[in-house]
Amino acid sequence: MDGASRPALSGARFERHSPFDGALVGVFADGGEEDAERAVEIARREFDTGTWPRSPSRRRYEVLTEAARLLTANADAVAERMVLESGKPLALALGEVGAAARCLEYYGGLALSVEGSAINERNPGALGLILREPIGVAAFITAWNFPLLGVVCKLAPALAAGCAVVAKPSHLCPGPALLLARYLSEAGLPDGVFNVVTSQRERGAVVGQHFASSRKVDKIAFTGSTAGGQAVMRAAAVNTKRVTLELGGKSANIVFPDAPLDDAARTAIGAFTFNSGQQCSAGSRLLLHRDIHDEFLAMLTEHAAAQVLGDPRDRGTTMGPLISAQQHERVLGYVGIGHAEAKLVTGGGVPADPALRGGYFVEPTVFAEVNNSSRLAQEEIFGPVLSVISFETEQEAVALANDSAYGLAGGVWTNSMDTALRVAKGVRTGKMFVNCYNTAGIDDMPHGGYKDSGTGREFGQAGLEEFQELKTVQILLR
């Protein structure tokens with residue numbers, strides 16, 4: 001905070017233990033409301049009187065690209081910290097570090113391209129200017145499932161726009177955000193422009209609510225549950241600050257008979273097991289055409305068996321433990337619901353390997369004959385549990401996909417471009433994949449949801465605009 005590591009004003013600290021083996025992996029300052037207010041006041045000072053909002057775009061570019069270089073140079077250390085605190089497999093953690101560095105580079109480039117416009121033809125005796133300005137002090141409340149990228153995708157556009165920032169990372173994996181703050185400082189970001197407050201669960205809610213309700217904050221960006229996002233939105237209404245919410249999902253991955261079935265089955269496994277299912281855009285509902293239902297389930301079972309559950313520090317591990325005992329209990333509770341509501345195809349419990357008994361592991365679990373109105377199909381589980389639902393027509397598939405409170409992502413598999421485009425347009429969701437899922441390799445496209453999946457967008461040009469205000473200047477020429 002303000003360019004230095006500081007204890008909480010109360011002196012309180014909290015511990016983080018590995019979800020893999022329970023080992024102590026970190027001790028962090030346990031900030032409270034007074035620490036949140038201190039961070040907000042520092043950011044407000046820097047925005048109102050500091051150099052960053054008034055710095056040349058070239059300077060913002062240099063800082064962001066240098067931070068990306070430092071992040072890349074220290075990728076192993078950042079990934080190791082992420083693995084220890086979150087249980088994310090090493091290969092996934094390294095991929096997240098790379099994605100975060102690319103995001104910093106992208107917004108560094110966009111900082112150079114921020115332009116306004118002029119209107120000079122409407123009235124020969126007047127000139128109109130349209131200016132883009134930083135929104136002010138931005139506050140972030142971020143989740144544990146992508147503890148580095150989830151911060152960077154908000155922070156990079158905010159800094160590119162010229163904002164000052166306060167952030168509260170999840171207490172379950174705060175280390176990557178603190179390392180990011182260090183690298184940004186080394187890259188030349190002025191003290192006080194990026195301030196991080198760590199706190200454990202109970203006090204963390206107080207910190208987040210303080211950020212959301214503070215009249216000194218101009219923008220709040222939240223990633224988490226839909227209920228949490230709604231609480232943030234209510235608190236933010238105190239000064240009608242701008243709000244971006246990236247919330248839950250229950251995304252439908254739709255497979256037609258003319259699809260490349262083996263590719264679709266292999267990808268469908270990754271769509272719901274990536275990061276052990278702890279991803280908002282997981283393809284957690286698999287919609288299968290009746291003509292390929294049984295064949296596809298057999299292929300799905302084979303690919304599920306290829307997942308490697310193990311020590312997240314091993315490069316060969318594809319699925320690590322869930323983040324916490326609470327999340328482990330929650331997911332296993334949904335598995336129990338699945339046994340009552342549907343037919344178990346594969347998985348359904350904790351792995352038998354004694355070496356994994358100390359961690360919060362859940363096997364890749366597939367349920368078939370799921371009713372789309374059931375809890376298994378409608379509620380976000382946030383674990384490696386897949387609901388398989390059959391359909392007969394394209395119209396039915398779209399209707400089933402849309403029969404959800406959420407609208408974050410989705411997929412469609414077919415060799416017919418007409419079918420793909422009709423379905424992609426018909427499903428009410430913020431992102432659709434065609435013949436892939438989370439694997440197209442296209443960075444920097446806007447990400448966000450319809451309905452209860454959130455409001456606003458992250459990444460891309462739209463992500464930068466979330467941190468900008470538009471000002472018009474009307475000039476009468478004499």
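Ser-214 is in contact with Val-40, Asn-239 and Lys-241, leaving aside its neighbours within four places in sequence. The model is predicted. Ser-214 sits in the loop between helix H7 (201-213) and strand E8 (219-223).

**Ser-214**
- Ser-214 counts as buried because its relative accessibility is 7%, and buried means under 20%.
- The Ser-214 side chain reaches the backbone nitrogen of Lys-216 at 3.1 Å.

**Nonpolar cores**
- The largest nonpolar core has 54 residues, and those with the most contacts inside it are Leu-71, Phe-140, Leu-148, Leu-155, Leu-159 and Phe-194.
- Elements giving two or more residues to this core include helix H2 (57-73), helix H3 (75-86), strand E5 (137-141) and helix H6 (175-186).
- H4 gives the most to this core, with 11 residues.
- Not counting residues up to four places away in sequence, Phe-194 touches Val-151, Leu-155, Val-165, Ala-167, Ala-177, Leu-180, Ala-181, Leu-184 and Leu-189.
- Another core, of 27 residues, lies apart from the largest one; among its members are Ala-377, Val-385, Val-398 and Ala-401.

**Largest pocket**
- The largest pocket holds about 1,400 Å³ of space.
- It is lined by 45 residues, of which Leu-149, Lys-431, Phe-433, Asn-438 and Phe-459 are the closest to its centre.
- Two or more lining residues come from each of helix H4 (90-111), helix H5 (149-161), helix H9 (261-273) and strand E17 (433-434).
- H4 gives the most to the lining of the largest pocket, with six residues.
- By type, the lining of the largest pocket divides into 20 nonpolar, 14 polar and 11 charged residues.

Technical notes:
Residues are numbered from 1 along each chain as its sequence is written. This is a predicted model: local features need pLDDT of at least 70, side-chain atom pairs count only at pLDDT 80 or more; totals for chains, interfaces and linings use all residues. Side-chain values use heavy atoms; hydrogens and water are left out. On a 1 Å grid over the protein atoms alone, a cavity is a set of points where a 1.4 Å probe fits but cannot get out, and a pocket is an open set with protein on both sides within 12 Å along at least five of seven lines; lining residues have an atom within 4 Å of a point. Grid points are joined across faces, edges and corners, and a volume is the space filled by probe spheres set on the points. Helices (H or I, at least four residues) and strands (E, at least two) are DSSP runs, numbered from the N terminus. Ala, Val, Leu, Ile, Met, Phe, Trp, Tyr, Cys and Pro count as nonpolar, Asp, Glu, Lys and Arg as charged, and the others, Gly among them, as polar. Buried means under 20% relative accessible area, exposed over 50%, partly exposed in between (1.4 Å probe, protein chains only). A polar contact is a pair of N or O atoms within 3.5 Å; within protein, one must be able to donate a hydrogen and the other to accept it, and residues adjacent in sequence count only if both atoms are side-chain atoms. Contact means heavy atoms within 4.5 Å. A nonpolar core is a set of buried Ala, Val, Leu, Ile, Met, Phe, Trp, Tyr and Cys residues joined through side-chain atoms within 4.5 Å.
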